[in-house]
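Dear colleague,

I am handing over the structure we spoke about, and I would be glad if you could look through it alongside the notes below.

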Amino acid sequence: MTLWRPTGPEELDLVRGSGWREWPPRLPDQPIFYPVLNEDYAVRIARDWNLPRSGAGYVTRFGVDADFAARYPVRQAGGRTILELWVPAEELAAFNAHLVGPIRLVVSFLPGHPGGVRHGGGATA
């Protein structure tokens with residue numbers, strides 16, 4: 001199953017530090033880890049929320065074992081295509097253990113680049 005995760009610079013640094021292999025633990029005020037089910041929704045969050053709030057926004061793509069992911073509910077957070085997979089924070093380590101391949105950076109939103117910078121097949125460097 002392919003998922004996307006909009007993220008800010010701090011979370012991306014932690015993912016990079018893991019060798020692009022895992023998502024960092026949630027903060028105390030973050031009870032849910034919620035990757036999204038389509039790139040368009042991830043782009044909107046990274047561009048419209050992360051960039052103004054954190055100075056940069058990023059979209060990542062990653063695979064997870066579909067049978068394992070099926071245990072988590074998909075929540076509609078707005079329109080028909082605004083879909084999130086809700087993983088309880090305390091289960092994130094198990095979720096990370098079922099990632100398939102590396103987490104890949106696919107789009108960066110940086111000051112002066114409102115259209116975003118697309119990274120070929122998904123950078124992991």
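Predicted model: local features only at pLDDT ≥ 70, side-chain atom pairs only at ≥ 80, totals over all residues.

Residues are numbered from 1 along each chain as its sequence is written, and side-chain values use heavy atoms, with hydrogens and water left out.

Rings of Phe, Tyr and Trp (its six-membered ring) are paired if their centres lie within 6.5 Å, and planes under 30 degrees apart count as stacked, over 60 as edge-to-face and the rest as tilted; by this rule there are six aromatic pairs. In one of them, the ring centres of Trp23 and Phe33 are 5.5 Å apart and the planes stand at 40°, so the pair is tilted. Trp23 lies in the loop between helix H1 (9–17) and strand S2 (32–33), and Phe33, ten residues away, in strand S2 (helices, H or I, are DSSP runs of at least four residues and strands, E, of at least two, numbered from the N terminus). Trp23 is buried at 2% relative accessibility and Phe33 at 0%, where buried means under 20% relative accessible area, exposed over 50% and partly exposed in between, with a 1.4 Å probe and protein chains only. Ring pairs join Trp23 and Phe33 with Phe62, Phe68, Tyr72 and Phe95 in a cluster.

Asp48, in helix H2 (residues 39–54), is partly exposed, at 47%.

Best wishes
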